[in-house]
Amino acid sequence: MFNFKGRELKRNNLLLHIVWLIICLLPIICSFLLITDGQVVAFRFHNNYEVGVPCVFKTITGYNCPSCGGTRSFVYMSRFSLLSAWNLSKAATMLYILMALQIPYRIVLIARGSVPFQRIIARLGIVFLIFIGVVDIADFVAQFI
């Protein structure tokens, strides 16, 4: 009975790490496929046709939403334009870094099953994610002051 639970737990952990790897990989891969002029983000098809969607919140209210600048920041990070990314969205820039660090971490966890100091690394990731949320909320509220 114990061995069955151990295998089930191992399988659940493996699935969890695979899901987190996909969650971190997709936005970073997509950011390499997007283009931006600093105002709008778009997919480019062929050489002259672009498709982009404006922020609905900003269109209606005139204010940036909490995620405004996030996609553009990811695109700039993928182009190694760190200062432009930071100026657009500090929170998104930090999130990109966190996601980029999660990719090798999750690959190692999938391959080996564990890493040294795994609990400490997981807790630091949670603290960093909370910090990113606080920075994002602070930037959102600051535009109204």
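Analyst: **The aromatic cluster and its surroundings**

Y63 has a relative accessibility of 39% and therefore counts as partly exposed; that class lies between buried, under 20% relative accessible area, and exposed, over 50%, using a 1.4 Å probe and protein chains only. The model is predicted, so local features need pLDDT of at least 70 and side-chain atom pairs count only at pLDDT 80 or more, while totals for chains, interfaces and linings use all residues. Residues are numbered from 1 along each chain as its sequence is written, and side-chain values use heavy atoms, leaving out hydrogens and water.

Rings of Phe, Tyr and Trp (its six-membered ring) pair if their centres lie within 6.5 Å; planes under 30 degrees apart are stacked, over 60 edge-to-face, and the rest tilted. This rule gives four aromatic pairs. One of them joins Y63 to F144: the centres are 4.6 Å apart and the planes are at 50°, a tilted pair. Y63 sits in the loop between α2 (56–61) and α3, whereas F144 sits in the segment after α6, so the pair ties together parts 81 residues apart in sequence. The helices named here are DSSP runs (H or I, at least four residues; strands are E, at least two), numbered from the N terminus.

F144 is partly exposed too, at 43% relative accessibility. F144 also pairs with F140: with 5.2 Å between the ring centres and 85° between the planes, this pair is edge-to-face. F140, at a relative accessible area of 22%, is partly exposed. Ring pairs link F57, Y63, F140 and F144 into a cluster.

Helix α6 covers residues 118–142, 25 residues in all, and its end C-alpha atoms are 36 Å apart.

H17 lies in helix α1 (residues 2–33) and is buried, with a relative accessible area of 8%.

How values were computed
The expected span of a helix is 1.5 Å times one less than its number of residues.
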